[in-house]
Amino acid sequence: MELSGMDVSAQGRPIPENDRTPLMSRDELVRRLSALAGSQNLQVIMRLLADHVGASHFLLARYDLIQEQGLDFIVTSNWPFDLVRRLGSELASAYTRSTELEKCFSVLTPSFALLPDEIVLPEKLSRQYCALTFSVGRTRFSLMLLFVEGVILSQQHLREIGLLAAYGASFVESVESRTERDFELTERELECLFWIAEGKTSDEIAVILGISRNTINNYITSVMRKTATKTRSEAIAYAVRNNLV
Amino acid sequence: MGYSRGGTADGPGSVQHLRLQRGSSRSDIFPKLVAMQKSLKARNFAVFRISGAGLPNKRKLVCELENWGPNAVENSNRLLREFEETLLDHVEMSLLPLVWSGNGSGSTMDAGEFSPLIRRLETAVLPFSGVVFPVRLGALGNGYVAFFADHLTLDAGSVIDQHVESCQIMMDLLALDERRSVPAESLSEREIACLQLAGDGRISEEIAEKLGLSVHTVNAYLGSATIKLDSVNRIQAIAKAIRLGYIT
């Protein structure tokens with residue numbers, strides 16, 4: 001399952017796990033990435049990073065979109081399409097199985113898992129794949145890599161490209177508007193959600209915000225409609241899960 | 001069932017296990033920061049975390065660790081007066097490191113070929129130069145690890161190494177927090193099951209039917225869970241249970 005990376009300290013570089021030196025030095029990698037800083041072309045950036053660790057295929061997914069139908073949550077990928085389609089639901093359910101805290105502790109920690117047996121892989125590709133998660137703003141991303149059988153990926157290099165992938169996503173995110181991903185909830189609605197999550201009642205929130213109790217209830221109804229939730233509890237759970245409060 | 005504290009809690013990958021891998025006190029984190037400072041050839045460090053997450057106008061940065069010595073309060077306040085807003089906004093959309101050159105005579109910050117990958121801030125107030133690494137773990141534990149000196153010269157290798165390490169530092173701090181905030185009495189399996197279903201939008205009657213209990217029993221479980229989670233009502237209990245990882 002998960003390989004421990006705790007031996008990777010700030011100063012010492014770990015002993016290389018194999019003799020295969022990366023295709024380019026780290027300085028060269030940073031130089032090339034710098035050149036791409038303005039371009040917002042995530043596909044080129046991910047290709048570059050995958051090459052650096054010796055992976056043959058990359059897939060970048062954003063988890064805030066995973067609950068929706070279709071494959072919109074895939075930002076960029078050069079995985080075989082059949083594999084992506086087959087894996088979509090798998091990824092979504094794996095994501096909901098872990099808790100927020102576990103996700104917080106897994107940032108930039110490479111984890112390895114096996115693709116389901118019934119999936120037909122292109123020749124020579126390993127059934128094992130590597131996943132690295134990171135967050136940019138409120139969006140959590142996962143970079144998933146496929147590699148040729150026998151290639152051993154270095155933990156240190158994986159962490160580095162995880163960070164650089166986050167830089168790459170930051171180039172794009174900085175331009176994208178922030179409000180767009182707030183599920184179109186207004187500032188006032190978010191404020192109400194925040195206070196409800198703190199255990200306040202409508203009456204108390206009315207006093208805090210200086211507006212009427214009915215207005216508060218209207219805000220909450222509107223939140224429940226927008227988030228397609230049935231009860232207040234579910235609306236709050238939804239907001240906490242999606243880092244809205 | 002999603003996740004339970006009992007049984008598999010010691011297995012690899014569990015929260016318990018992740019916690020054990022990390023240092024047991026803040027004094028274990030300090031030497032790591034000193035080593036990072038040395039490798040960046042900086043003079044001081046400071047770790048800031050975001051508190052009051054959620055409500056946009058309530059968020060603030062809190063200095064959790066530093067080695068400024070007697071000037072700590074003054075330096076931290078000066079830094080926050082100058083950059084708090086910028087830093088809070090930045091971590092909402094980007095993970096790129098931030099740097100600035102101090103206004104003191106000869107205070108410099110040279111980012112070399114790394115320049116396109118960092119964001120430069122302007123200051124007329126701070127006498128020292130600095131580099132800050134944003135860390136975004138998720139709903140919890142976000143913030144900045146910062147290093148200061150009169151002259152800072154960054155090279156790509158050390159920026160990447162120290163930024164990766166900064167993430168580890170913030171995870172260490174989060175692990176310490178979580179250890180403290182574990183409820184005095186741990187939640188029972190039934191309480192967790194009721195909370196999970198309530199968070200999924202089920203009303204008490206539905207939960208009762210699903211678990212084969214009476215409505216009163218369900219409400220009692222939700223009530224005791226609320227008390228154990230130090231909450232005033234079940235909604236707050238659900239929010240806390242998700243943040244603490246009892247339910248998903």
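This is a predicted model: local features need pLDDT of at least 70, side-chain atom pairs count only at pLDDT 80 or more; totals for chains, interfaces and linings use all residues.
Select B:Ser204, B:Glu205, B:Ile207 and B:Ala208 in α6(B).

Next, show both helices whole. In chain B, select residues 204-211 for α6 and residues 215-228 for α7. How are two packed helices described? By the angle between their axes and the distance between the axes. Here the angle is about 105°, and the axes of α6(B) and α7(B) lie 8 Å apart. Angles of 65 to 115 degrees count as roughly perpendicular, so α6(B) and α7(B) are roughly perpendicular to each other.

Zoom out to where chain B touches chain A. How many residues does each chain bring to the contact? Chain B brings 58 residues, and chain A brings 54. On the chain B side, colour α1 (15-21), α2 (26-39), α4 (156-181), α5 (189-199) and α8 (234-244); each of these elements gives two or more residues. Which of them gives the most? It is α4(B), with 12 residues. Now colour the chain B side by class: 30 residues are nonpolar, 18 polar and 10 charged.

Last stop: chain A. Select 26-178 for domain 1, then 182-241 for domain 2. Give each domain of chain A its own colour. Taken over C-alpha atoms, the centres of domain 1 and domain 2 of chain A are separated by 34 Å.

Note on methods
Residues are numbered from 1 along each chain as its sequence is written. Chains are lettered from A and ligands numbered from 1 in the order in which they are written. Axes are lines fitted to C-alpha atoms, for helices over the stretch in contact, and angles run from 0 to 180 degrees between N-to-C directions. Helices (H or I, at least four residues) and strands (E, at least two) are DSSP runs, numbered from the N terminus. Angles under 35 degrees count as roughly parallel, over 145 as roughly antiparallel, 65 to 115 as roughly perpendicular and the rest as oblique. Two residues are in contact if their C-beta atoms, placed from the backbone, lie within 7 Å. Ala, Val, Leu, Ile, Met, Phe, Trp, Tyr, Cys and Pro count as nonpolar, Asp, Glu, Lys and Arg as charged, and the others, Gly among them, as polar. Domain bounds come from an automatic or database domain assignment.
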